[in-house]
Amino acid sequence: MRELRIRTLALAFVAVGLLAWAGARLWQAFGSLPGVPAAAPFVLALIAVGLLAGALSLRARLKAQRERRPGAKGVNPLTATRAVVLAQASALVAAPVAGLYAGVAVFLLEFLEVPARRGQALTAGFAALAGVAVVATALYLQHVCRLPEDEEEA
């Protein structure tokens with residue numbers, strides 16, 4: 001399985017961010033931009049916490065297995081594969097989502113004097129940061145599940 005590259009995720013983040021900024025400007029020209037969902041930062045943060053918990057759990061189990069501790073619960077290779085697939089899917093979705101919210105947040109910076117838009121800008125900014133946290137924890141989970149032979153090749 002090929003490892004995700006940060007460059008690919010950064011490109012998706014920037015491309016979608018620019019499209020979101022341009023789309024928000026266009027939408028505002030023809031009407032009022034819809035609001036940013038208030039639950040977005042919380043949902044993305046919850047996903048990041050779940051990925052981090054899984055990564056820390058797998059890391060501890062893999063370390064115990066490598067050190068051959070008595071009574072250590074091993075990691076099924078299929079479980080590790082599923083964790084990597086979940087991490088990659090999460091990162092591939094979270095990078096453009098974070099870019100979308102970052103683009104909207106940058107657009108809304110022009111309207112900070114309007115209290116409702118200020119709140120939306122903050123929500124979009126926090127959602128973008130939470131999306132970046134999902135990407136970071138997904139990359140960490142992917143790193144945790146690397147085989148020792150993979151580390152020597154890199």
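**Ground rules.** I am reading a predicted model, in which local features need pLDDT of at least 70, side-chain atom pairs count only at pLDDT 80 or more, and totals for chains, interfaces and linings use all residues. Residues are numbered from 1 along each chain as its sequence is written, and side-chain values use heavy atoms, with hydrogens and water left out.

**Core.** I looked up the largest nonpolar core and found 39 residues in it. Such a core is a set of buried Ala, Val, Leu, Ile, Met, Phe, Trp, Tyr and Cys residues joined through side-chain atoms within 4.5 Å. Buried means under 20% relative accessible area, exposed means over 50%, and partly exposed lies in between (1.4 Å probe, protein chains only). Leu9, Leu58, Tyr101, Val104, Leu108, Leu141 and Cys145 touch the most other members. I then noted which elements give two or more residues: α1 (6-30), α2 (40-66), α3 (77-108) and α4 (115-144). With 13 residues, α3 gives the most. Helices here are DSSP runs (H or I, at least four residues), numbered from the N terminus, as are strands (E, at least two).

Beyond its neighbours within four places in sequence, Leu108 is in contact with Leu33, Val36, Arg117, Gln120 and Ala121. Contact means heavy atoms within 4.5 Å.

**α2 with α4.** I found their axes 8 Å apart, at an angle of about 15°. Axes are lines fitted to C-alpha atoms, for helices over the stretch in contact, and angles run from 0 to 180 degrees between N-to-C directions. The two helices are therefore roughly parallel. The cut-offs are under 35 degrees for roughly parallel, over 145 for roughly antiparallel, 65 to 115 for roughly perpendicular, and oblique for the rest. The crossing is left-handed: the near helix is turned anticlockwise from the far one by less than a right angle, whereas clockwise would be right-handed. The contact of α2 with α4 has 21 nonpolar, four polar and two charged residues. Ala, Val, Leu, Ile, Met, Phe, Trp, Tyr, Cys and Pro count as nonpolar, Asp, Glu, Lys and Arg as charged, and the others, Gly among them, as polar.

**α2 with α3.** These axes come within 12 Å and cross at roughly 155°. I therefore logged α2 and α3 as roughly antiparallel. Their crossing is left-handed. From α2 come Ala40, Leu44, Leu51 and Leu58; from α3 come Ala83, Leu86, Ser90, Val97 and Tyr101. By class I read eight nonpolar, one polar and no charged residues.

**α1 with α4.** Here the axes come within 12 Å and cross at roughly 165°. The crossing of α1 and α4 is right-handed. Ile6, Leu9, Phe13 and Gln28 of α1 meet Arg117, Val132, Val135 and Leu139 of α4. Six of the residues in this contact are nonpolar, one is polar and one is charged.

**Single residues.** I found Ala98 in contact with Phe13, Ala128, Gly131 and Val132, leaving aside neighbours within four places in sequence.

Gln142 is in α4. Gln142 is buried too, at 6%. Not counting residues up to four places away in sequence, Gln142 touches Glu3, Leu4, Ala87 and Gln88.

Last, I checked Leu11 in α1. Leu11 is exposed, with a relative accessible area of 60%.
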